[in-house]
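Good morning, colleagues. Please bring up the sequence and the model, and I shall then take you through the aromatic pairs and a few selected residues.

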Amino acid sequence: ENCLSLIPKAPKKDVIKMLENDKITLRYECRMESRFPEDRQRRFILTFYVATDTISIFEPPQRNSGRTGGKILSKVKIPKPGSTADKPRFYTTPDLAIGSTVEVIGYLFIITDADEFVYKYVEEHAADLPAETVASFRQKAQERARAAACEARP
């Protein structure tokens with residue numbers, strides 16, 4: 001379609017999705033899968049913006065690690081591995097389950113946990129999400145509850 005005119009047209013946006021999901025951000029804790037052992041200890045915050053299906057990644061500063069932390073990736077749509085330039089497939093909410101891997105510019109990030117809002121969001125939208133995604137969050141919630149119960153015992 002863009003070859004018919006000299007002025008390129010912007011891709012169409014899903015305005016209804018943007019209005020319904022405005023300001024909904026899902027924050028996940030993840031770690032980097034790397035061949036270097038020092039990179040495996042690093043923790044990252046992956047933020048998924050539901051309205052635009054964009055992802056940003058931030059590394060919180062850790063004392064005495066030798067790294068300053070900060071923004072790793074600005075808010076951008078990330079294509080899934082194996083998608084083509086003609087028909088790109090981007091990461092969406094169902095792809096972000098506990099234990100799933102997100103590939104960003106050649107780096108692999110494994111989702112290890114999420115904040116409380118994500119758990120509530122998954123439970124509220126369980127009918128719209130794959131059963132595997134919901135099950136991963138329920139299993140992690142049970143693990144968290146067991147760990148909290150063990151800490152509460154004297």
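**Aromatic pairs and their surroundings**

The structure before you is a predicted model, and counting rings whose centres lie within 6.5 Å gives four aromatic pairs. Let me begin with tyrosine 28 and phenylalanine 137. Their ring centres are 6.4 Å apart and their planes meet at 55°, so this pair is classed as tilted. The angle falls between the two limits, since planes under 30 degrees apart would count as stacked and those over 60 as edge-to-face.

Where in the chain do tyrosine 28 and phenylalanine 137 lie? Tyrosine 28 belongs to strand β1, residues 25-33, whereas phenylalanine 137 belongs to helix α4, residues 131-152.

Taken together, Tyr28, Tyr119 and Phe137 make up one aromatic cluster.

I turn next to charges over rings. In a second case, the charged end of lysine 77 sits over the ring of phenylalanine 90, at 5.0 Å from the ring centre.

Two further residues deserve a word. Serine 34 is placed in the loop between β1 and α2, the latter covering 37-40. Why is serine 34 counted as buried? Its relative accessibility is 12%, and the cut-off for buried is under 20%. A polar atom of the serine 34 side chain lies 3.1 Å from the backbone nitrogen of phenylalanine 36. Setting aside neighbours within four places in sequence, serine 34 is in contact with Asp39 and Arg40.

Threonine 47, for its part, is found in strand β2. With a relative accessible area of 11%, threonine 47 is buried. Again leaving aside neighbours within four places in sequence, its contacts are Thr25, Leu26 and Arg27, together with Thr54, Ile55 and Ser56.

The protein chain has four helices and six strands, and from the N terminus its elements follow the order α-β-α-β-β-β-β-β-α-α. The chain comprises 154 residues, of which 32% count as buried. The accessible surface comes to about 10700 Å², and carbon and sulfur atoms account for 54% of it. Among contacts between residues at least 6 apart in sequence, 43% join residues at least 24 apart.

Finally, a word on confidence. The average pLDDT of the protein chain is 83, and 84% of the residues score at least 70. Where is confidence lowest, and where is it highest? Confidence is lowest in helix α1, residues 15-20, with a mean of 67, and highest in strand β2, residues 43-49, at 92.

Methods
Residues numbered from 1 in each chain as written. Predicted model: local features only at pLDDT ≥ 70, side-chain atom pairs only at ≥ 80, totals over all residues. Heavy atoms only, no water. Phe/Tyr/Trp six-rings, centres within 6.5 Å; stacked < 30°, edge-to-face > 60°. Helix = DSSP H or I, 4+ residues; strand = E, 2+ residues; numbered from the N terminus. Lys NZ or Arg CZ within 6 Å of the ring centre and 35° of its normal. Buried < 20%, exposed > 50% of the residue type's maximum accessible area, 1.4 Å probe, protein only. Polar contact = N/O pair within 3.5 Å; in protein donor to acceptor, adjacent residues only side chain to side chain. Contact = heavy atoms within 4.5 Å. Areas by Shrake-Rupley, 256 points an atom, 1.4 Å probe, with all protein chains shown as cover. pLDDT = per-residue confidence, 0-100.
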